[in-house]
Amino acid sequence: MVYTLQDWFRDHRDSSEDLTYHEPVRYSTPRLTPMRYQKEPDFLWIEGEFYKGWLHPSKPRPTILGMFIIPYPSDQSLERYREYRHSVESVLSSNPKRPQECFYGNEQVLFHGTTRRCQLGVGWFDVSPCDDASCRLCGIVKFSFDVNRCGTRNAFTRFGRGIYTTSCSSKADDYVHEKPGAQVRCMIVSRVVVGRTFELQHSAVTMTEAPLGYHSVTGRPGGDLNYPETVVYHNDAIRPAFLVVYR
Ligand SMILES: [Zn+2]
């Protein structure tokens, strides 16, 4: 039997409707929590998604070396995300077009590659984000995503000013930028409230929000795209959840 995303979310929500099986781990600084290989259901599930999403035939399949839980940046941050997800869920439940839209605002777990300038994630004890403003990974770990940062590294934004994620890990890997000589690569796994998504196959670079009645844009392969991507235009539609370390 195939273990689906919906199964995972069902198994990972308790009666208090927490986002994950794990209680959010809170520190005065947002330290990562290492996950134990094969002891954590989340690890195995994300590992499967990572390898399944490695689609570029030109890229050798990497090996996952470890994984970490990214804590919520703050209670307020978590609350804003939940409020946003609930608002999307409410709107869609009143007018569903597809069954999965109504399920927690069509929340999905998607990959995001970014710049790392420090040692975060390299070893079991490298769990504290740095203060280097150019280290986008640590910025996201500490404060979550910011749509205003869109395009600061990649001038071309296919679907305009938004936050880009993908189910294709090898595509997210294109946006993982490490220091020369880095021994490992790190990729963020995010929770994304995809909601009702507007599908496009061709670039629409001037977009600043999803079309009326939609919550995101999904680029479908064909047309201008070789691999899928999903764009949200609202900071509270996404939170970092896990960090995958691979080589
Ligand atoms: Zn850093």
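## A pair of strands to start with

Strand β2 (residues 64-69) and strand β9 (residues 238-246) run antiparallel and are joined by 5 bridges; strands here are DSSP runs of E, at least two residues long, numbered from the N terminus. Met-67 has Val-244 in β9 as its bridge partner.

This is a predicted model, where local features need pLDDT of at least 70, side-chain atom pairs count only at pLDDT 80 or more, and totals for chains, interfaces and linings use all residues. Residues are numbered from 1 along each chain as its sequence is written.

## The whole sheet

An open, antiparallel sheet is formed by 5 strands in the order β1-β2-β9-β5-β3, with pairing counted when DSSP finds at least two bridges between two strands. β1 (33-34) and β3 stand at the edges with a single partner strand each, so one side of each has no neighbour in the sheet. Helix α2 (residues 41-52; helices are DSSP runs of H or I, at least four residues) packs on the sheet. The helix touches β2, β3, β5 and β9, a contact being two C-beta atoms, placed from the backbone, within 7 Å.

## The nonpolar core

The largest nonpolar core has 49 residues, and Met-67, Phe-242 and Val-244 are among those with the most contacts inside it. Such a core is a set of buried Ala, Val, Leu, Ile, Met, Phe, Trp, Tyr and Cys residues joined through C-beta atoms within 7 Å; buried means 20 or more other C-beta atoms within 10 Å of the residue's own. Not counting residues up to four places away in sequence, Phe-242 touches Ile-46, Met-67, Phe-68, Ile-69, Ile-70 and Val-189.

Definitions and conventions. Axes fitted to C-alpha atoms, helices over the stretch in contact; angles between N-to-C directions. Buried ≥ 20, exposed ≤ 12 C-beta atoms within 10 Å, placed from the backbone.
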